[in-house]
Amino acid sequence: MYPDLFLTVFNSCLRLKTFPRCWKNAKIILIPKVNDVRVPKLDNLRCISLLSTLGKCFERLIINRVAWRLYKDNYFNKNQFVFMPHKCTEDALVKLNEIVLKGKKRNLHTVLVFLDIKSAFDNAWWPGILSLLKRSSIPGNLFAVISSFLKDRSVTLSLGHSSKEKFLKRDPFLDLSSRTSL
C-alpha cells in the first residue's frame, strides 16, 4: 500500500548501516507434533520462529543485492542453483537427470547423498560468513547491515501470561565487524 514508505525505511537502514533490532526478535510458537494434548513433552513439540514481515522483506532485498554482486564477480560455482538468476529447482533436476543418464550409458552406478542440516542458520559460524563476505568486496553498507543482522538476535517464548526473551550468542573468535572500517 505504501511503497514509498518502505523505500524510505529500507534506504535509511542502508544509509545508517543497520538492521533494526526489533526485526531480529523471533517469536517462538510451539506446535504439538502429535494430537496428544494430555501430557505435553518437549520432544513432541515443534518450534516455529516468526520474524517481522518488514525484517523478512529487508532481508530478501539484502540477499538479492549480495547474490547479484557475488554472481557478477563470479563467486558462485557453475553447478550452484540456489540464489542464482535464471536457475531453479527444475534446472537442478534436469542436471541431475543428465548425470544419471551419462552414468547409465557408461554402465556406472549413481549415488545420491542428501544433506539436511538441522537448524542450519542457528548453527552457521557467523564470523566465518562475515569473513567470506569481507573478502568478496561487497559494498561497505551491505557488509555493515549483514553484520548488524547477525548481532543482538533474540527469541521470545510466551506461555500463558509469562514470556522469556533470550539473546543468541555466537563465538567471538573472529569478530570482523569490530575490526573493519566501513
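Me: Before we start, what do buried, exposed and partly exposed mean here?
Reply: With a 1.4 Å probe and protein chains only, buried means under 20% relative accessible area and exposed means over 50%. Whatever falls in between is called partly exposed. This is a predicted model, where local features need pLDDT of at least 70, side-chain atom pairs count only at pLDDT 80 or more, and totals for chains, interfaces and linings use all residues. Residues are numbered from 1 along each chain as its sequence is written, and side-chain values use heavy atoms, with hydrogens and water left out.

Me: Is N74 buried or exposed?
Reply: Happy to look! N74 sits in the loop between α2 (53-72) and α3 (89-105), helices being DSSP runs of H or I with at least four residues, numbered from the N terminus. N74 has a positive phi of about 60° without being a glycine. Its relative accessible area is 68%, so N74 is exposed.

Me: What is the relative accessible area of S137?
Reply: S137 belongs to the loop between α5 (126-135) and α6 (140-150). Though not a glycine, S137 has a positive phi of about 65°. S137 is partly exposed, and its relative accessible area is 45%.

Me: Which side chain joins that of N25 in a polar contact of 2.6 Å?
Reply: N25 lies in strand β1 (residues 25-32), a strand being a DSSP run of E with at least two residues, and N25 is buried at 10% relative accessible area. A polar contact pairs N or O atoms within 3.5 Å; within protein, one must be able to donate a hydrogen and the other to accept it, and residues adjacent in sequence count only if both atoms are side-chain atoms. The contact of 2.6 Å is with the side chain of S154.
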